[in-house]
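Colleague: I would like to learn how to read a structure, one feature at a time. Could we go through this one together?

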Amino acid sequence: MDVHRWMVLAGLFLSLTGCGAAAGQGEGRAEVLFADNCGPCHGVGGEGNPSIAAPAIAGLPEWYVLAQLTKFRDGIRGAHADDTEGLRMRPMARTLLPEDVAPISAYVAALTPVAPDHVVSGDADAGKALYATCAACHGVDGKGNQALNAPPIATMDDWYLRSQLGKFRSGVRGANPKDVTGLQMRPMAMTLKDDKAVSDVVAHIATLSGGH
Amino acid sequence: MIESLVPSGSTFAGDIDGLFVLICVIVGVFFFATLGMFLWMLVRFRARDGVPAQYITGNEPHLKTWITTPHAIIILCDVLLIVGALRVWYNVKQHMPEDVEVIGVVGQQWAWTFVHAGPDGKIDTSDDIAVIDEMHVQVDKEYVFRLESVDVLHSFSVPTWRLKQDAVPGRVILGWFEATLTGEFGIQCAEMCGIGHGIMGARLFVETAEEHAAWMAQAGGTSS
């Protein structure tokens with residue numbers, strides 16, 4: 001039997017026994033879990049994939065990733081019928097064992113951040129005035145404030161920010177009574193009167209990380 | 001027989017099971033008969049010293065009958081299966097009850113949204129009750145479901161009801177059901193739809209009229 005046949009047989013054996021990519025215990029578990037569950041959409045380095053609306057997550061604060069994964073798992077986020085992207089994320093978060101959520105969050109936080117996408121057109125100058133509301137929690141520099149549960153937004157993709165602001169405004173996100181921080185964010189987003197205001201403020205946020 | 005493995009929970013589940021068993025029996029009989037004949041011939045006509053192999057054209061009447069007779073039986077069985085299948089197909093897929101409550105079923109990567117009619121008994125109105133991954137229906141009541149997909153191919157599969165219907169993006173597909181068994185059952189996607197396909201499950205709650213009214217009141221309205 002030649003080498004090729006042995007390789008085929010070994011592959012069949014591994015596929016049948018599920019030994020190919022099983023996440024074991026220990027330090028490498030979070031990496032394998034990330035590669036299996038998060039990487040296919042968010043990218044192997046957490047760089048995101050705008051074509052399927054998967055934002056960059058590399059380098060996000062551990063506490064924020066942990067909070068969002070917990071919300072998805074608990075049905076507090078990603079449980080609205082119009083939240084197409086959130087409904088994709090929810091079952092993926094639910095595949096994680098409870099004890100895996102914290103290690104995965106730490107793994108994501110340790111990934112090297114990537115430069116955010118800047119694809120939204122807006123009037124950054126007009127957005128600067130609107131940003132005053134955001135700055136109260138997210139900071140003038142958009143770097144966030146853990147004490148206020150406000151994540152950094154300067155390093156987030158602008159298309160993602162626009163999408164999420166739209167969801168907060170329409171109640172697709174942040175309307176669940178159990179979503180304490182979402183309920184705080186929603187009225188702030190509703191101060192933006194229309195889509196142009198959203199694009200303007202997002203355009204200003206992009207300047208905080210060197211965009212536009 | 002199949003009921004011992006998966007409960008039979010709809011008015012047409014028995015018909016589907018009957019058709020399944022009929023196919024298994026007919027195919028099974030021919031499978032074992034053919035395999036038995038093959039194995040018997042392997043032994044009966046094995047190579048023997050001094051016995052030359054014969055070349056048989058199969059044109060002689062006494063040989064042709066071994067082909068034409070099974071052929072005729074198979075055609076007869078085919079007709080039997082087609083008649084049985086058409087009867088079930090018409091009942092499950094073609095026949096559509098009229099003036100019954102409609103439930104919207106929307107598949108997307110990787111969740112099911114079920115849009116239940118509110119107190120007015122109609123969907124696409126302001127009192128609709130949209131629930132993610134939970135479908136609530138009343139036992140012994142006919143419903144029409146309106147199946148859609150917002151992204152890729154999915155398949156709405158309810159094993160307890162023996163119901164399976166593809167959801168095709170851009171198309172609105174109608175079907176119907178009448179649950180006969182109360183309880184909580186599984187709903188699954190039966191069409192490969194991406195990395196989350198295996199976890200695209202939902203729960204089906206088949207309730208009595210009182211239980212359904214209580215759920216509707218809790219979920220957002222009162223029962224009609």
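Colleague: How many residues does the contact take from chain A and from chain B?

Modeller: The contact (heavy atoms within 4.5 Å) takes 13 residues from chain A and 11 residues from chain B. This is a predicted model, in which local features need pLDDT of at least 70 and side-chain atom pairs count only at pLDDT 80 or more, while totals for chains, interfaces and linings use all residues. Residues are numbered from 1 along each chain as its sequence is written, chains are lettered from A and ligands numbered from 1 in the order in which they are written, and side-chain values use heavy atoms, with hydrogens and water left out.

Colleague: What is the average pLDDT of chain A?

Modeller: pLDDT is the predictor's confidence in each residue, from 0 to 100. Chain A averages 89, and 86% of its residues score at least 70. Confidence in chain A is lowest in helix α1 (residues 3-17), with a mean of 60, and highest in helix α3 (residues 62-74), at 96. Helices (H or I, at least four residues) and strands (E, at least two) are DSSP runs, numbered from the N terminus.

Colleague: Which residues form a salt bridge between chain A and chain B?

Modeller: Side chains of opposite charge can pair when their charged atoms come close. A salt bridge is a side-chain nitrogen of Lys or Arg within 4 Å of a carboxyl oxygen of Asp or Glu. Between chain A and chain B the count is 1: B:D133 pairs with A:R90, with the closest N and O atoms 2.7 Å apart. Within chain A, the side chains of A:R29 and A:D100 also meet in a salt bridge, 2.8 Å from N to O. A:R29 lies in helix α2 (residues 29-42) of chain A and A:D100 in helix α5 (residues 98-110) of chain A, so this pair ties together parts 71 residues apart in sequence.

Colleague: What is the phi of B:D133?

Modeller: Most residues other than glycine have a negative phi, and most peptide bonds are trans. B:D133 is not a glycine, yet has a positive phi of about 60 degrees. B:D133 sits in the loop between β3 (129-132) and β4 (134-138) of chain B.

Colleague: Where is the cis peptide bond?

Modeller: The cis bond joins B:Q109 and B:W110, with omega about -10 degrees. B:W110 lies in the loop between β1 (101-108) and β2 (111-116) of chain B.
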